[in-house]
Amino acid sequence: MDTGNQPLDAYTKRRKATRDRLVAAARSVMASKNIEAVTIGEITRFAEVGKGSFYNHFKSKEDLFLATLDDVIAEIADHITMAIKDVDDPAEILSIGIRLHIQLAVADPRIGRLIVNAPASLDFLSRYADPVINHTIDKGVESGRCEIFDRELFFTLMTSGLNATVLGHLDGKLGAETDVEFARCVLLLAGLSRSEAAEVVQKDVPND
């Protein structure tokens, strides 16, 4: 039996485990403060790995921070993708995506704080959201369900508003229906009537 690949497999698993511990540590440490205030030593102590191991995986804390942010937003995007897979109505797709993003971000304050504290979070949100939103808006406009005159402005207001809404919720300034109310605002911005927006946001959000 050929066992030549086993040492490499074990090494790869250990390497992945170390990276996962660093990312998990970054989620916790960077959620409580801005990246400028975080030190690599703080992260490695939390992860219980040496500084040498850190540099085997990341060039800098900024590199780790971006990788962590990417992982977090990708997880949220995966949840949203599953939730909308059987939904046809463009307005409902927008509502589900918005509400689920807010719900997931505030359900775990570490995740929510990590996202809102990140200067690059809007770029990551756009990277994962734009393809879905573009397709959704195309369907909405073609069907007459949506009416958007400036798509770039719409994206900017929506992604910036998502972060502001999550932060307001985490700081206790916004109430329990935050996700519903923000989704309603976005749908109005997308050209739906008040009655149409109200009907859409009251539908249950799939969250397996």
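Helices are taken here as DSSP runs of H or I of at least four residues, numbered from the N terminus. In this predicted model, helix 4 (61-84), helix 5 (90-107), helix 7 (121-143) and helix 8 (151-170) each contribute at least two residues to the lining of the largest pocket, and helix 4 gives the most, with seven residues. The pocket holds about 350 Å³ of space and is lined by 20 residues, of which Ile80, Gly97, Tyr128, Ala129 and Ile133 lie nearest its centre. By class, this lining comprises 15 nonpolar, four polar and one charged residues.

The structure contains 12 salt bridges. One of them joins the side chains of Glu75 and Arg27 at 2.6 Å, N to O, and links distant parts of the chain, Glu75 lying in helix 4 and Arg27 in helix 1 (residues 6-31), 48 residues apart. Within this pair, Glu75 is partly exposed, with a relative accessible area of 37%, whereas Arg27, at 14%, is buried. Asp179 and Arg99 form another salt bridge, their closest N and O atoms being 2.9 Å apart; because Asp179 lies in helix 9 and Arg99 in helix 5, the pair ties together parts that are 80 residues apart in sequence. Both Asp179 and Arg99 are buried. A salt bridge is also formed between Arg113 and Asp171, with the closest N and O atoms 2.9 Å apart.

On the surface, Leu153, Leu157 and Leu189 form a nonpolar patch with about 260 Å² of accessible area together. Of these residues, Leu189 is placed in helix 9 (residues 178-189) and is partly exposed, with a relative accessible area of 42%.

Conventions:
Residues numbered from 1 in each chain as written. Predicted model: local features only at pLDDT ≥ 70, side-chain atom pairs only at ≥ 80, totals over all residues. Heavy atoms only, no water. Patch = residues over 30% accessible without salt bridge, like charges linked within 9 Å, V, L, I, M, F, W, Y side chains within 5 Å. Areas by Shrake-Rupley, 256 points an atom, 1.4 Å probe, with all protein chains shown as cover. Salt bridge = Lys/Arg side-chain N within 4 Å of Asp/Glu carboxyl O. Buried < 20%, exposed > 50% of the residue type's maximum accessible area, 1.4 Å probe, protein only. 1 Å grid on protein atoms, 1.4 Å probe; cavity = no way out; pocket = protein on both sides within 12 Å on 5 of 7 lines; lining within 4 Å. Points joined across faces, edges and corners; volume = space filled by probe spheres on them. Nonpolar A, V, L, I, M, F, W, Y, C, P; charged D, E, K, R; others polar.
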